[in-house]
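Please look at the sequence and the fold side by side, and follow the explanation below with both in view.

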Amino acid sequence: MMQRALSSFPLSASQQSKLALAGFETAGDLKGMRIADISSELGVTPSEALEIVRVVTGGQGDGTDTATPPLHAGQSVLALLQEEESRGSIVTFCAKLDEMLGGGLPLGKITEVCGAPGLGKTQLSFQLCVDACIPEAFGGVTGEAVYIDTEGSFVVQRLAEIAQAAKQHIDGLAEASDDPEMWRLASEFTLDHILSRIHCYRSHSYLDLVAIMNVLPEFIKAHPQVKLVVIDSIAAHFRHGFECMSLRNRILGGLSQSLIIIATRFKLAVLLTNQMTTRVNHKFGKPAQLVPALGDSWGHSCTLRVILNWNGSRRFASLVKSPSLKEDVVSYQITRSGVRDVDPSLGNSDALNVASSQGDVSSHLEDLDNDDVTQLDEPWEEEEEERLNMVSTSVVPSGHMLDGIRRSKRPCLSPPSEQ
């Protein structure tokens, strides 16, 4: 595919000429280039550069569509239930958080984690990337992870620190076992092994993000063990700089559909982190509220939504959306080793206070920078969003619940809580 001549793709004569003059001859010549760089090299608009990339990498050149699953015959509900129960989940190393999510981050679904800065969204993303690599014998999924960094917050040293802690925990489980196979798997579960199975993309603009999503299905086909895709954060490129809200909503709608298709087709977990924004509604005299960014319509894109909160100096996670799990609030902490349970002696007595104060912005504003808070105090905002929700055109080319028995199969994976 990469050696295929660009002249064989259904590009316009003008595009073919510009590619030839710029020295691009094969599809491989465009590999790894940013949309902005292609636009500059060819002297075309970013939109036209994106269209060229879509034709070359999105499957239109051979008449296929990499993001659209083939049409299958209908399945019985029993078959769907059995498939759902067999998928499994990725543990978080925080037992309470795993229990709230029905066993961990579910495969085949989109989970969104929202919260103010400093609550550990990126730390949780790192933890799950590492946990996705854990062998099945130790309660993992023996997978790989794709991390799409939109904010420049990917710190390799921190990821390696969490990976090293996971390795030490797996070594401890193996030493306590009499199974030679577990010893062998633990010896292979090295730091280099973990880091080699986590693949990072850096997205500098929404065009980069769209392009990454366009080629992601082919990457996953080449790496069939990918069990987790992380976008940290989904809101970074869409909170500012859009004069046309209709365009913004169409792009977000396209990304949402692409993520749903990827999660269901490849049976992997998608984790999206999202920022919080301040909603000020003067029209009805309601108090200001902290709400997830990108508007109410974006909330329909995820299967599960978790909101992280502070209560004093303690962190809490609230499950506010799930089709099969009850709403719940649990405590967690960020340690040098990663995400862990809070000391059991502290209890969970503050959880009700967290749940009751979720809509109160006054207790959280002091934790936010100006760049992290957008005031939605214009009266047209909600009406405009409702109108734009009707727009369904996408610019992106079509390119679980666990029961107690299944959870009991890996009771030893979550490490003891740390102070």
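In this predicted model, the side chains of Arg305 and Glu112 meet in a salt bridge, with 2.6 Å from N to O; the term stands for a side-chain nitrogen of Lys or Arg within 4 Å of a carboxyl oxygen of Asp or Glu. Arg305 belongs to strand E10 and Glu112 to strand E3 (residues 110-114), so the pair ties together parts that are 193 residues apart in sequence. Strands (E, at least two residues) and helices (H or I, at least four) are DSSP runs, numbered from the N terminus. Arg305 counts as buried at 12% relative accessibility, and Glu112 counts as buried at 0%, where buried means under 20% relative accessible area, exposed over 50%, and partly exposed in between, with a 1.4 Å probe and protein chains only. Residues are numbered from 1 along each chain as its sequence is written. Because the model is predicted, local features need pLDDT of at least 70 and side-chain atom pairs count only at pLDDT 80 or more, while totals for chains, interfaces and linings use all residues, and side-chain values use heavy atoms, with hydrogens and water left out.

By the salt-bridge rule the count comes to nine. Side chains of opposite charge can pair when their charged atoms come close. In helix H8 (residues 180-188), Arg184 and Glu181 are three residues apart and so separated by about one helical turn, and the closest N and O atoms of their salt bridge are 2.4 Å apart. Arg184 also meets the side chain of Glu188 in a salt bridge, at 2.8 Å from N to O, and these two residues of H8 lie four residues apart, again about one turn of the helix. Arg184 is partly exposed, with a relative accessible area of 37%, as is Glu181, also with 37%, and Glu188 counts as partly exposed at 41%. Elsewhere, salt bridges that share partners join Arg158, Glu161 and Arg336 into one network.

To place strands E10 and E3 in their setting, turn to the sheet. It is an open sheet of nine strands in the order E5-E4-E6-E7-E3-E10-E11-E12-E13, with mixed pairing; two strands pair if DSSP finds at least two bridges between them. Strand E5 (198-202) and strand E13 (338-340) stand at the edges with a single partner strand each, so one side of each is left without a neighbour in the sheet. Among the pairings, strand E4 (residues 144-149) and strand E6 (residues 226-232) run parallel and share six bridges, and the bridge partner of Asp149 in E6 is Asp232.

What happens around strand E11 (residues 314-321)? Six of its eight residues are buried, so E11 is largely enclosed by the rest of the structure. Seven bridges join E11 to strand E10 (residues 304-311) in the antiparallel sense, and Leu308 has Ala317 in E11 as its bridge partner. The hairpin of these two strands has two residues between them, and Gly312 takes a positive phi near 70 degrees there. E11 also pairs with strand E12 (residues 328-335), antiparallel and over five bridges, and this second hairpin has six residues between its strands.

Finally, the structure holds seven aromatic pairs, where rings of Phe, Tyr and Trp (its six-membered ring) pair if their centres lie within 6.5 Å, and planes under 30 degrees apart count as stacked, over 60 as edge-to-face and the rest as tilted. Phe126 and Tyr147 form a tilted pair, 5.5 Å centre to centre with 45 degrees between the planes. Phe126 lies in helix H6 (residues 121-131) and Tyr147 in strand E4, so this pair ties together parts that are 21 residues apart in sequence. Phe126 is buried, with a relative accessible area of 1%, and Tyr147 counts as buried at 0%.
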